[in-house]
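Here are a few friendly notes to read alongside the model. Take them one point at a time, and find each residue as you go.

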Amino acid sequence: MSDENSLLDSTRFRREREADWRRLDALLERVAKKSSKALSEEELIDLPRLYRSTLSALSVARTTSLDKNAVSYLESLCTRAYFFIYGSRSTFGERVSSFLRRDWPDAIRRLRNETLAALAFLTIGAVAAFMLVSNDPDWFYSFVPGDLAAGRTPSASTESLRGALYEGGGGLSVFATSLFTHNAGIAIFAFALGFAFCAPTAVLLIWNGCILGAFLAVYVSRGLGFELGGWLLIHGVTELFAIALAGAAGMHVGWAIADPGSRTRLQAAAEASRPAGLALAGVIVMLFFAGLLEGFGRQLILNDTARYAVAVGTGALWCAYFYVGRMERRP
């Protein structure tokens, strides 16, 4: 007799509330197939009421040990409704748009001091290597690995050095691929090593600057400095800026760990990691863009003035995107 009463109670309980459950289920199905825009204003307002009613029913069903199938159904329904009402409902496109419009530029702006430091380290390395190789070409081999040089060494003829700047394919393609792979690796390592209190990142940036300075010294000694500048900068403005930003992101976290203030080092690292992570995600976008300039723009644009124009234009665009109109905001 008790089993019959229990069955009757379960049936009555479900019959009295099932209309709300089905309505909530139908609304969530429409949202899943389309989006929240598929619901009317009245339906959006009704959703929280239906959720609370269903949640209350789930609580009663659990405490009175009603039908297990009903309990499972209500648990699933309440979970779906919870994530719709309280979870993030932004689409992938909206997230990408938010990243490009706000999150990435704001993160880079917060790293402006570290970015200046990273650019300074690159410059120091380039100037030092340029002076050393200019005085003694043998220093070139200390800075530039053989696979990265791809035959562009102090022993190469002026004709071959000049030809590589304006002819695609062959050794130029090998060098371009090696340079892009090398710089992408430098960017990732510059970020990762920053966690060790900044020092390894500084060394890595200086060394990368030394590579640039060594190449520049060789080409300047042959009267090809202006030509090499256009060949490198058409993509290098973006690529070197990306490396500097990756290093800045790493140093931002490393400095927070080294000087956490009143926070624990773990708290300081966690707080610093958010803008640093956003910056690194954007660096990948920049390296991809630099790869397009390197693989297509540099091969198709053979005029030195045009190459410099592209370099200046991309530099101005990045600076405007990251800094112009944003400096008044506080991090």
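1. Does Leu 300 count as buried or exposed? Please keep in mind that this is a predicted model. Leu 300 has a relative accessibility of 68%, so it counts as exposed, because the cut-off for exposed is over 50%.

2. Now look at where Leu 300 sits: it belongs to helix H12, which covers residues 265–300.

3. Next come the aromatic rings. A search of the whole structure gives 17 aromatic pairs. One of them joins Phe 99 and Trp 104: the ring centres are 5.7 Å apart and the planes meet at 5°, so this pair is stacked. Phe 99 is buried, with 16% relative accessible area, and Trp 104 is buried too, with 1%.

4. Compare that with Tyr 321 and Phe 322. Their ring centres lie 5.1 Å apart, but the planes are at 50°, so the pair is tilted. Tyr 321 counts as partly exposed at 22% relative accessibility, because buried means under 20%. Phe 322, with a relative accessible area of 0%, is buried.

5. Ring pairs link Phe 99, Trp 104, Phe 241, Phe 289, Trp 318, Tyr 321, Phe 322 and Tyr 323 into a cluster.

Conventions. Residues are numbered from 1 along each chain as its sequence is written. This is a predicted model: local features need pLDDT of at least 70, side-chain atom pairs count only at pLDDT 80 or more; totals for chains, interfaces and linings use all residues. Side-chain values use heavy atoms; hydrogens and water are left out. Helices (H or I, at least four residues) and strands (E, at least two) are DSSP runs, numbered from the N terminus. Buried means under 20% relative accessible area, exposed over 50%, partly exposed in between (1.4 Å probe, protein chains only). Rings of Phe, Tyr and Trp (its six-membered ring) pair if their centres lie within 6.5 Å; planes under 30 degrees apart count as stacked, over 60 as edge-to-face and the rest as tilted.
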